[in-house]
Amino acid sequence: MGTDNKGRVLVVDEDPEICRLLVKRLTREEFYCESCSSGKEALELQDRGKFDAIISDLRMAGISGVDLLQATRKNHPNSAFLMATVEDDIRVGIEAMKQGAADYLVKPLDLDVVVASLGRALEKKRLEQQLGNYRERLEQIVQQRTSQLRAATKRIEQTYDDTLEALAGALDLRDNETAGHSRRVSRYCLEIARAMNCSPEELRQIARGSYLHDIGKIGIPDSILRKPAKLTDKEMAVMQTHARIGYDLVSRIAFLAPAAEIVLTHQERFAGTGYPQGLAGIEIPLGARIFAVADTLDAITSDRPYRRALGFTDARAEIIRESGRQFDPEDVRAYLSLPEDTWENIRLEVAGLRLKRESPPPVVPKASPVEARPKTPPKQAPAEATGKGPD
Ligand SMILES: [Fe+2]
C-alpha cells in the first residue's frame, strides 16, 4: 500500500496485471495506493475514503471511465483524474480532459510517464486548492471590510443628521413661529408618504427634506425674518432665497441629495405658481408635493398672531379645495385616505402631550429640546407667513 506522503491514489482497471504494476510502482514512489477492477467498486472506495487522484481505464463494463470521471467531478471535485486509453480512443481521452480529467494516458502504459503525469495533476490540484482558499479568505476580508464601511457610513449619516438637527434647532430659536412646525410637518409627510407606498429610502429622504425645508432661513437677515410688518417686494425676494440657500447647504452632503431637492422645491405649487423655479405637476419632486399638503395642514391648524388655529376639519376642506391648484390630487387622495385623528395625535405627540402610538418612523430626527420650551409671546408674522402655507 505504501505511505501517503505524496498522496492517496486509486487505480481502476479490469486488468489485474495493470493494477498490480501501477500499485507497485506508485507505492515505490511513496504514494498510498489502492486498486479495484470496476467503476462500481471505485465509487464505493471513494465514498469510504478520500483519494487525491484516480487513475482509471476508459473501457470498463458497467460504469465506464467517463461515467466514473463524471461521478468523481460531482462528488469528489478535489480529486485529480487520469484517464487511461488505448491508442484508438485518444479522441475520447481528449474529450475526457475537456470534461475535467487532468490528463490521459495511452496504453500500454509507460510507468515513468504515469508518475510524471500524476505529479503534475496533483500539483495542479494543490494550486487550485490554494487559490480556492485564498479566494475564500479574500471574500471574508471583503465581507468584513464592507460591513465595517457600512457601519462607518451609518455613523457618518447619523452625525450629519445630528448636525442638521442642531442647525434646525438653531433656526427654531431665531424664528420662533416655526417651533415644532418642522417636526410636525415631517411626521405628517411620513404618514402621507406611507399611504402612497413610498419605499423606506424615500421615507427617509422625505423625513429629512421636510424636516429641513426651511433650513435656508439661517441665511436670511433678522431684519427681514423677524420684521413685524409686511415685507417690501425687495425684502420678499430676499426671503424667497431661503429655498436656494437651504439647498446649497444640504446638497453638499452626498447622501442628502434627494432631501436637498425637497428643500429647494418646497415652495413650488402644483399649478406652477410657486418658487424658485416655477415648476408644475410632476416636475416637482414627490417629497415636495407631499410636503405642500402637510405644510398647509400645519399652517391652518397652528395659531398665528393675526388669527387663532382652525380645526383639522377646516384644514381638510381647504386642502380639498386646493387639490389640483396648490396640491397634487394624488397626494390629496392619500391624505384623505388617513383617519382624521392621525393629525391631532401627531400634534399632541410632538408637543409632548401624548405618548407615541407606534414605533418611531425611519430616521426622523430626535425630539428637539427647543420644542419643549414655553412659547414666547407671539410676534408679528413675517410676510412669508401671512399666506396659508407659510413655509
Ligand atoms: Fe419655506
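Visitor: At what angle do helix α2 and helix α3 pack?

Guide: Glad you started there; keep in mind that this is a predicted model. Helix α2 covers residues 39–48 and helix α3 covers residues 65–75, and their axes lie 10 Å apart. The two helices are roughly parallel, because angles under 35 degrees count that way. The packing angle is about 15 degrees.

Visitor: Which residues of α3 make the contact with α2?

Guide: The crossing of these two helices is right-handed. On the α2 side, the contact uses Gly 39, Ala 42, Leu 43 and Gln 46. By class, the contact has 4 nonpolar, 3 polar and no charged residues. From α3 come Leu 68, Ala 71 and Thr 72.

Visitor: Which strands stand at the edges of the sheet?

Guide: The sheet is open and has 5 strands, paired in parallel and ordered β2-β1-β3-β4-β5. An edge strand here has a single partner, so one of its sides is left without a neighbour in the sheet. The strands in that position are β2 (32–36) and β5 (103–106).

Visitor: Which residue in β2 is the bridge partner of Leu 10?

Guide: Strand β1 spans residues 8–12 and runs parallel to β2, with 5 bridges joining the pair. Leu 10 has its bridge partner in β2, and that partner is Glu 34.

Visitor: Which strands does helix α4 touch as it packs on the sheet?

Guide: Helix α4 is made of residues 90–98. Its direction makes about 160 degrees with that of β5. The strands it touches are β4 (80–85) and β5.

Visitor: How are α12 and α13 oriented to each other?

Guide: Helix α12 (residues 286–300) and helix α13 (residues 312–322) have axes that come within 9 Å. These axes cross at roughly 140 degrees, and α12 passes α13 in a right-handed crossing. Angles over 145 would count as roughly antiparallel. The two helices are therefore oblique.

Visitor: What is omega for the peptide bond from Tyr 275 to Pro 276, and where is Pro 276?

Guide: Most peptide bonds are trans. The bond from Tyr 275 to Pro 276 is cis, with omega near 10 degrees. Another cis bond runs from Lys 107 to Pro 108, with omega near 0 degrees, and Pro 108 is in the loop between β5 and α5 (111–174). Pro 276, for its part, is in the loop between α11 (257–265) and α12.

Visitor: Is Asn 197 buried or exposed?

Guide: Asn 197 has a positive phi near 60 degrees without being a glycine, and its place is in the loop between α6 (181–195) and α7 (200–211). Its relative accessible area is 71%, and the cut-off for this class is over 50%. Asn 197 is thus exposed.

Visitor: What is the relative accessibility of Glu 30?

Guide: Glu 30, not a glycine, has a positive phi of about 70 degrees. Its loop lies between α1 (16–28) and β2. Glu 30 counts as partly exposed, at a relative accessibility of 41%.

Key. Residues numbered from 1 in each chain as written. Predicted model: local features only at pLDDT ≥ 70, side-chain atom pairs only at ≥ 80, totals over all residues. Heavy atoms only, no water. Axes fitted to C-alpha atoms, helices over the stretch in contact; angles between N-to-C directions. Helix = DSSP H or I, 4+ residues; strand = E, 2+ residues; numbered from the N terminus. Parallel < 35°, antiparallel > 145°, perpendicular 65-115°, else oblique. Left-handed = near helix turned anticlockwise from the far one by under 90°. Contact = heavy atoms within 4.5 Å. Nonpolar A, V, L, I, M, F, W, Y, C, P; charged D, E, K, R; others polar. Pairing = 2+ DSSP bridges. Buried < 20%, exposed > 50% of the residue type's maximum accessible area, 1.4 Å probe, protein only.
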